[in-house]
Amino acid sequence: MLINPMTNLPPYQFMNGQLIKGPFMNGLPISEAFATCTFWSVQDVKWMQKALQLAKQGAKAGEVPVGAVLVHHQQIIGQGFNEPIGRHDATAHAEIVALRDACARLKNYRLPLQTTLYVTLEPCTMCIGALIHARVDRLIYAASEPRAGMVGSQMNLSVQPFYNHNIHVHRGLCSDHSSQMLKAFFRERRKAAKNIT
Ligand SMILES: [Zn+2]
């Protein structure tokens, strides 16, 4: 491959049968690489780490590990983890638990403006619906849920014109950490089920 001595990056690359002019980053021409790249703030990483800790707490309680924190002006106003088993409640997904926690703390069914929800897994139909009703401003999620995720995987309900509120969505922050935790949880559960039978 030709190397550009000025940038030390290959100046041309074949992509889809075409010769594309570089330089390249992560296999994409620089401009496209930047267009597809999300830059996270230190605070975003900190809050997602907190959501991952909550997910871990859920796993210890035997629940599918998903955690969520609701943040307003860099303060946690609500938090929770997935616990339908412990709460005997099919609606007790991490996002709903965090929303209810915030509303109870604030003694108000309306959330303040400019809240961000950090959750370790792409929300389902129920949860994205609740986030729209609660007027959450930003949603940042870690791992995608290809089977039933409603914020990009199966459909994207966060930007439908028939709702009177849309949510700004960013995906993929700490996604590997979250996926690994989920995979490990299901692996352990399958192992335990095998030992029973
Ligand atoms: Zn959900």
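Me: Which residue does the UniProt annotation "active site" cover?
Reply: Glu95, according to the UniProt record, which is an unreviewed entry. Keep in mind that this is a predicted model.

Me: Where is the place of Glu95?
Reply: Glu95 is in helix α4.

Me: Is Glu95 buried or exposed?
Reply: Buried. Glu95 has 28 C-beta neighbours inside 10 Å, and 20 or more is what it takes to count as buried.

Me: And which residues does Glu95 touch?
Reply: Leaving out residues up to four places away in sequence, Glu95 touches Ala68, Leu117, Val119, Pro123, Cys127, Ala130 and Leu131. Cys127, Ala130 and Leu131 turn up again as buried residues of helix α5, residues 125-133.

Me: OK, α5 then. Which of its residues are buried?
Reply: Cys127, Ile128, Ala130 and Leu131. Looking down the axis of α5, those buried residues fall within an arc of 160 degrees, so they line one face of the helix.

Me: What do the buried residues of α5 pack against?
Reply: They pack against α4 (94-106), β7 (115-121) and β8 (138-143).

Me: What happens just after α5?
Reply: Arg135 takes a positive phi there, about 60 degrees.

Me: In which sense do β8 and β9 pair, parallel or antiparallel?
Reply: Parallel, over 4 bridges. Tyr141 stands opposite Arg171 in β9.

Me: At what angle do α2 and α6 pack?
Reply: About 5 degrees, with the axes 11 Å apart; α6 is residues 175-196. That makes α2 roughly parallel to α6. On the α2 side the contact is made by Leu52, Ala55, Lys56 and Ala59, and on the α6 side by His177, Ser178, Met181 and Phe185.

Me: Now Glu83. Where is its place?
Reply: Glu83 is in the loop between β6 and α3 (84-87).

Me: Buried or exposed, that Glu83?
Reply: Glu83 counts as buried, with 20 C-beta neighbours inside 10 Å. The cut-off is 20 or more.

Me: Which residues does Glu83 touch?
Reply: Gly58, Ala61, Glu63, Ala92 and Val97, not counting residues up to four places away in sequence. Also, the C-alpha atoms of Glu83 and His93 are separated by 6.4 Å, and these two residues are 10 apart along the chain.

Me: Last one, whole chain: how many helices and strands?
Reply: 6 helices and 9 strands. Buried residues make up 31% of the 197 residues. Of the contacts between residues at least 6 apart in sequence, 49% join residues at least 24 apart.

Conventions:
Residues are numbered from 1 along each chain as its sequence is written. This is a predicted model: local features need pLDDT of at least 70, side-chain atom pairs count only at pLDDT 80 or more; totals for chains, interfaces and linings use all residues. A residue is buried if 20 or more other C-beta atoms lie within 10 Å of its own, exposed if 12 or fewer, and partly exposed in between; C-beta atoms are placed from the backbone. Helices (H or I, at least four residues) and strands (E, at least two) are DSSP runs, numbered from the N terminus. The arc is that of the directions from the helix axis to the C-beta atoms. Two residues are in contact if their C-beta atoms, placed from the backbone, lie within 7 Å. UniProt positions are given in the numbering used here, feature names are shortened, and annotations may be inferred rather than shown by experiment. Two strands pair if DSSP finds at least two bridges between them. Axes are lines fitted to C-alpha atoms, for helices over the stretch in contact, and angles run from 0 to 180 degrees between N-to-C directions. Angles under 35 degrees count as roughly parallel, over 145 as roughly antiparallel, 65 to 115 as roughly perpendicular and the rest as oblique.
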